[in-house]
Each structure stands twice: as C-alpha cells, then as structure tokens.
Amino acid sequence: MVDSSNSQDPLIGTNIQRSNQQVLRLEQRNDDIENIEIKLLLEGVYLHYGFDFRHYAPASIKRRIWHCVREEKLNSISALQERLLYNSACMERFLLILSINVTALFRDVGFYRVFREKIVPRLRTYPFIRIWHAGCSSGEEVYSLAILLQEEGLYDRVRLYATDMNEVILARARDGIYPLEKMMAYEKNYRSAGGKKALTDYYTAQYGRAIFHGNLKKNIVWSQHNLVTDGSFNEFHVILCRNVLIYFDQSLQERVHKLLYNSLITFGMLGLGQMESIRFSPCEANYGAIDSLEKWYSKIR
Ligand SMILES: C[S@@+](CC[C@H](N)C(=O)[O-])C[C@H]1O[C@@H](n2cnc3c(N)ncnc32)[C@H](O)[C@@H]1O
C-alpha cells in the first residue's frame with residue numbers, strides 16, 4: 001500500500017488516498033470471493049460425502065484448504081472443489097489434511113498423572129467401566145490409558161471405545177504400530193506420567209517399529225464416529241475428548257459439549273485438552289472441577 005503521510009500537494013494526497021481505497025476495496029472483494037469459494041466447497045463436501053466441516057474454526061479451515069490446494073498442485077479453491085467432488089481419492093487426502101492427527105503417547109504427562117491419582121480411585125468403585133476416547137487419532141492416547149489401567153489392575157473391568165471421524169487414521173490406531181524412533185521420547189513421557197514399569201514391556205521392537213502387545217488391545221473397540229453428525233451411543237464413566245474442540249467454532253463446540261454431557265453417567269468424568277475448557281459452554285454449571293489445571297471435570301448434575 002502507498003504511504004500518503006508525507007505528501008505536501010493536497011491533490012496528490014487525495015489521489016493517493018483514492019488509490020489506497022481502491023486497493024482496500026479490491027482486497028475486500030477478493031476476501032469475499034474466497035469466503036464464497038470456501039462455503040461452496042464445504043457445502044459440496046457435506047452434500048456429497050456427508051463430512052460436515054461447515055462449523056470448523058474459519059481461520060484454521062482456510063489454512064488447511066489452501067494447504068490442500070498447494071498439495072494438489074491447483075491454483076484455486078474452486079478447482080479443488082471440482083476435484084474433490086469427482087475424485088474420492090482426493091477426498092481421502094483432503095480428510096487427512098483437515099483432520100490434523102497430531103498426537104503422542106502420554107501427551108501432557110500431568111493429565112495422566114491426575115488420571116492415576118484422582119480418577120482411578122473413583123473408578124475402583126465401579127464393577128464395570130466404560131471409557132470413550134472421542135477423536136482418538138492414531139491411537140497413542142488410547143494405548144496410554146490401556147497401559148495405565150493395566151498397571152492399576154483395572155483393565156479387565158474396562159471397555160475402551162475409541163472413535164475418530166477418519167477411517168484411515170483409525171486403521172493405523174487399530175494396528176498399534178509406531179515408529180521405534182519415537183519411543184525414546186514416549187518412554188520419558190511414560191515415566192514422568194507415573195509409569196510403574198518400562199514402556200518396552202508393552203511392545204515388541206521389529207524392523208524399526210514398535211508393535212503393541214495384543215493383550216493391550218483386547219478391551220478396545222475401534223469405531224468411526226463423527227462428533228458433528230453422529231449422536232450419543234452409550235453412557236460412559238469417563239470421556240476423553242482432547243485437542244478436538246479447538247478446531248470447532250463456538251456453535252459447534254456448544255453442540256459437542258451437549259453431546260459429551262449427555263453421554264456421561266452422573267458423576268462421570270470428562271478430560272479435555274490443555275487449550276480447552278468447559279467454561280462458557282452451555283453445560284458449565286453441570287460440572288465440578290476435579291483438576292482445572294489438567295482439565296479434568298466431573299458431571300455433578
Ligand atoms: C489433534 S488430534 C487429537 C488426538 C488426541 N485426542 C490427542 O489429544 O492427542 C484431533 C483428532 O480429532 C479428529 N476429529 C476432528 N474432527 C472430528 C469430528 N468431527 N469427529 C470425530 N473426530 C474428529 C481428527 O480426525 C483427529 O484425529
């Protein structure tokens with residue numbers, strides 16, 4: 001943009017101001033068109049594939065869509081829309097980019113420490129325990145909890161329901177095979193989270209991969225579930241929904257909070273991600289904090 005602040009000639013100053021306004025109007029027009037393209041693309045994806053991203057956080061979804069445009073070597077969002085509608089392999093790639101599958105074993109060690117110290121004693125009072133990992137990605141979070149529950153002698157009473165909207169990533173989770181080079185960092189997390197043995201006790205190392213043992217998997221049910229379009233499917237003693245809500249806009253966060261609330265038994269416990277909270281959600285008054293720093297809450301009414 002042109003800087004008019006030093007101009008002495010009032011006529012030149014007026015012209016420069018006019019051209020600045022034109023640039024601004026052009027930028028605004030391009031933004032409007034970009035927003036229309038994004039809306040049309042998301043509407044098309046929803047109508048054709050049933051995946052509803054229309055209420056994901058706008059800034060993040062825009063970045064992801066442009067990332068996909070570049071990956072597909074296209075020039076515009078409209079071109080991506082056309083490819084997505086006619087090419088289901090492109091939709092699979094789009095889903096992988098949009099679902100942001102970053103995760104880790106014992107991610108946020110304090111969260112797992114609180115689970116061991118404050119949630120496990122409450123769980124001991126139940127004869128049978130249902131846990132739901134909503135948005136479990138490639139499963140690291142689920143294996144972390146399975147290990148912890150085994151060490152606490154609770155695993156045989158537990159059924160872990162692990163869901164994600166993305167079938168491809170869920171298949172990886174089901175396999176339970178991870179790159180060996182990541183295990184050193186995970187071992188550190190495991191110990192800091194209060195692990196009682198060695199992480200190596202739970203997997204076999206083979207050809208650069210860590211393969212989790214079958215006895216960790218026996219009580220896990222993997223299933224596709226979309227938090228936006230699917231409803232409640234059981235009542236749970238514990239729900240973990242971590243680092244998922246941050247990708248949703250306010251209205252969608254509220255909808256999903258209601259879904260989670262309705263899926264918990266009374267005195268059931270909810271674990272959220274570091275950047276997430278039940279504050280300002282429609283269900284806030286129905287929860288008490290078990291550990292507000294580590295984002296553990298209990299449904300009190
Ligand atoms: C950043 S990962 C979080 C993984 C794990 N919960 C953690 O905290 O390490 C976000 C996950 O949410 C899933 N996700 C995004 N939108 C979803 C939706 N509408 N329904 C179910 N899962 C969704 C993505 O596929 C992705 O696997």
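This is a predicted model: local features need pLDDT of at least 70, side-chain atom pairs count only at pLDDT 80 or more; totals for chains, interfaces and linings use all residues.
Let's go to the place where they touch. Here, 11 residues of domain 1 are in contact with 11 residues of domain 2. On the domain 1 side, two elements give two or more residues each: α2 (58-71) and α4 (88-99). Of these, α4 gives the most, with 4 residues. If you sort that side of domain 1 by class, you find 5 nonpolar, 4 polar and 2 charged residues.

Now, how do α2 and α4 sit against each other? They pack at an angle of about 140 degrees, and their axes are 9 Å apart. Angles over 145 degrees would count as roughly antiparallel, so this one makes α2 oblique to α4. The crossing of α2 past α4 is right-handed.

You can look for the residues yourself: from α2, Arg-64, His-67, Cys-68 and Glu-71 meet Arg-93, Phe-94, Ile-97 and Leu-98 from α4. By class, that contact has 4 nonpolar, 1 polar and 3 charged residues.

Last stop, the ligand. How many residues surround the ligand? There are 22, and the closest are Ser-99, Thr-103, Gly-135, Ser-137 and Arg-242. The shell around the ligand has 9 nonpolar, 9 polar and 4 charged residues.

Key: Residues are numbered from 1 along each chain as its sequence is written. A residue is near a molecule or strand if its C-beta atom, placed from the backbone, lies within 6 Å of it. Ala, Val, Leu, Ile, Met, Phe, Trp, Tyr, Cys and Pro count as nonpolar, Asp, Glu, Lys and Arg as charged, and the others, Gly among them, as polar. Two residues are in contact if their C-beta atoms, placed from the backbone, lie within 7 Å. Axes are lines fitted to C-alpha atoms, for helices over the stretch in contact, and angles run from 0 to 180 degrees between N-to-C directions. Angles under 35 degrees count as roughly parallel, over 145 as roughly antiparallel, 65 to 115 as roughly perpendicular and the rest as oblique. A crossing is left-handed if the near helix is turned anticlockwise from the far one by less than a right angle, and right-handed if clockwise.
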